[in-house]
Amino acid sequence: MAFLNVNYIKVFTFLSKDEVEGLILEHNNDKSRRLLQNKIAEIVTVMVHGENDLKNAIKASKVLFGKSSKEDLESLDENTFNEIFEGVPSSSISLEKLSNEIEIENLLASHTNFLESISEARRSLKENSISVNKNKISETYKVSKTDLINNKYVLLQRGRKNYYLVIFN
């Protein structure tokens with residue numbers, strides 16, 4: 001595979017010979033960083049889709065696979081946000097319900113059915129497996145308007161892979 005990456009960086013990019021040799025040398029020093037693969041992906045994405053789409057793809061990857069925060073979610077434009085979470089289970093709730101804060105276990109179970117029961121919500125909260133907008137929360141957390149992303153979304157997460165999008169209208 002490393003042989004292919006060396007060839008691909010030469011064939012699919014317009015980098016100078018010195019740049020290619022420098023990347024290959026750096027890659028060979030620490031192959032776990034996947035420097036050649038990432039550089040090829042970056043260059044091809046820019047050629048095909050443009051610089052802006054590359055930036056959005058990097059942000060999306062960070063949100064889905066890396067350690068990210070509410071600020072990372074807020075940095076996404078609404079189209080990218082919707083593309084990332086397309087297919088994620090969701091429900092709509094009236095924005096008026098946030099005029100008073102909503103206790104987290106009620107949001108998890110009663111308002112959204114993300115979790116099946118209040119007791120399952122409490123158990124998950126005690127296990128510290130629940131996040132709101134990528135931030136771990138405690139049992140006493142209350143969701144408020146300050147939690148809204150793009151003034152309408154709250155992202156719930158249980159564990160690493162279970163997402164639920166709450167849309168406030």
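The second largest pocket has a volume of about 230 Å³. This is a predicted model, in which local features need pLDDT of at least 70 and side-chain atom pairs count only at pLDDT 80 or more, while totals for chains, interfaces and linings use all residues. Residues are numbered from 1 along each chain as its sequence is written, and side-chain values use heavy atoms, with hydrogens and water left out.

A pocket here is found on a 1 Å grid over the protein atoms alone, as an open set of points where a 1.4 Å probe fits, with protein on both sides within 12 Å along at least five of seven lines; lining residues have an atom within 4 Å of a point. Grid points are joined across faces, edges and corners, and the volume is the space filled by probe spheres set on them.

Which residues line the second largest pocket? They are Asn38, Ala41, Glu42, Thr45, Leu54, Ala57, Ile58, Ser61 and Lys62. Helix H3 (35-49) and helix H4 (51-65) each supply at least two residues of this lining, and H4 gives the largest share, five residues. Helices (H or I, at least four residues) and strands (E, at least two) are DSSP runs, numbered from the N terminus. By class, the lining has four nonpolar, three polar and two charged residues; Ala, Val, Leu, Ile, Met, Phe, Trp, Tyr, Cys and Pro count as nonpolar, Asp, Glu, Lys and Arg as charged, and the others, Gly among them, as polar.

The largest pocket holds about 490 Å³ of space. Of its 13 lining residues, Leu64, Gly66, Lys134, Gln157 and Arg160 lie nearest the centre. Its lining divides into three nonpolar, five polar and five charged residues.

I turn to the sheet. Five strands form an open, mixed sheet in the order E1-E7-E6-E3-E4, where two strands pair if DSSP finds at least two bridges between them. The edge strands, E1 (90-93) and E4 (135-136), each pair on one side only.

Next, helix H2. Its 13 residues (17-29) should span 18 Å at 1.5 Å a residue, and its end C-alpha atoms are 18 Å apart, which agrees; the expected span is 1.5 Å times one less than the number of residues. Val20, Leu23, Ile24 and His27 of H2 are buried (under 20% relative accessible area; exposed is over 50%, partly exposed in between; 1.4 Å probe, protein chains only). These four cover an arc of only 100° around the axis, so they sit on the same side of H2; the arc is that of the directions from the helix axis to the C-beta atoms. Asp18, Leu25 and Asn29 are exposed on the other side.

Finally, two loop residues. Asparagine 113, in the loop between helices H7 (104-111) and H8 (118-126), has a positive phi near 65°. Asparagine 113 counts as exposed because its relative accessibility is 59%. Asparagine 150 lies in the loop between strands E5 (142-143) and E6 (153-158), and its phi is also positive, about 55°. At 28% relative accessibility, asparagine 150 counts as partly exposed.
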